[in-house]
Amino acid sequence: MTGTGEPEASRGIFTGKAIGKDVHATRDDDRDRGAQGRTTIADGVVEKIAGTAAREVIGVHALGGGIARAFGAARERVPGTAKSVSRGVKVEVGATQTAIDLEIVVDYDVSIKDVTGAVREGVISAVEWMTGLEAVEVNIAVSDVKLPAEPAEPAESNEENEEEPSPLR
């Protein structure tokens, strides 16, 4: 709580990890409010942006922990369901700021420090550019290392995220 009686998160200030809250941002500051209205950015939007940016970094094998990846892979086999780009991503969005938690699996034989630094930089850049929200923290948990001898998860590797050319072109 602050001296104004408001909880800190409601004013867009974050002091800890962003875990599991379903908070929707209403951009109510002077920059976004005017005669034309206001902008609202849902948590899911920031999650998708952060997840997509993290997956683009070389050395990131997958997002999410083992159980989340297993459930996600099973769910994606159901006809009509799409791949979840926000798996392994949790966000807390306030009026002008956001905090992001990522759980990643890295490829073997990469510098975890370099990969997490590149993920953090890419996620901050993408989220701030696309939403205008200030990314005050990006917490990254490396939950596993993908060894070369382990079988690949077909829906997760960076090479297989690229669109295949259509044979009907």
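Leu-147 is partly exposed, with a relative accessible area of 38%; partly exposed lies between buried (under 20% relative accessible area) and exposed (over 50%), using a 1.4 Å probe and protein chains only. The residue belongs to the segment after β6, where strands (E, at least two residues) and helices (H or I, at least four) are DSSP runs numbered from the N terminus. The C-alpha atoms of Leu-147 and Tyr-108 are 5.2 Å apart, although 39 residues separate the two along the chain.

This is a predicted model, in which local features need pLDDT of at least 70 and side-chain atom pairs count only at pLDDT 80 or more, while totals for chains, interfaces and linings use all residues. Residues are numbered from 1 along each chain as its sequence is written, and side-chain values use heavy atoms, leaving out hydrogens and water.

Asp-109 is found in the loop between β5 and α3. Its phi is near 75°, a positive value in a residue other than glycine.

| Residue | Relative accessible area | Class |
|---|---|---|
| Asp-109 | 71% | exposed |
| Leu-147 | 38% | partly exposed |

Glu-47, in helix α1, is buried yet has no salt bridge, that is, a side-chain nitrogen of Lys or Arg within 4 Å of a carboxyl oxygen of Asp or Glu. The nearest side chain of opposite charge, Lys-90, is 6.4 Å away; Lys and Arg count as positive and Asp and Glu as negative, with His and the chain ends not counted. Beyond neighbours within four places in sequence, Glu-47 is in contact with residues including Val-85, Ser-86 and Lys-90, contact meaning heavy atoms within 4.5 Å.
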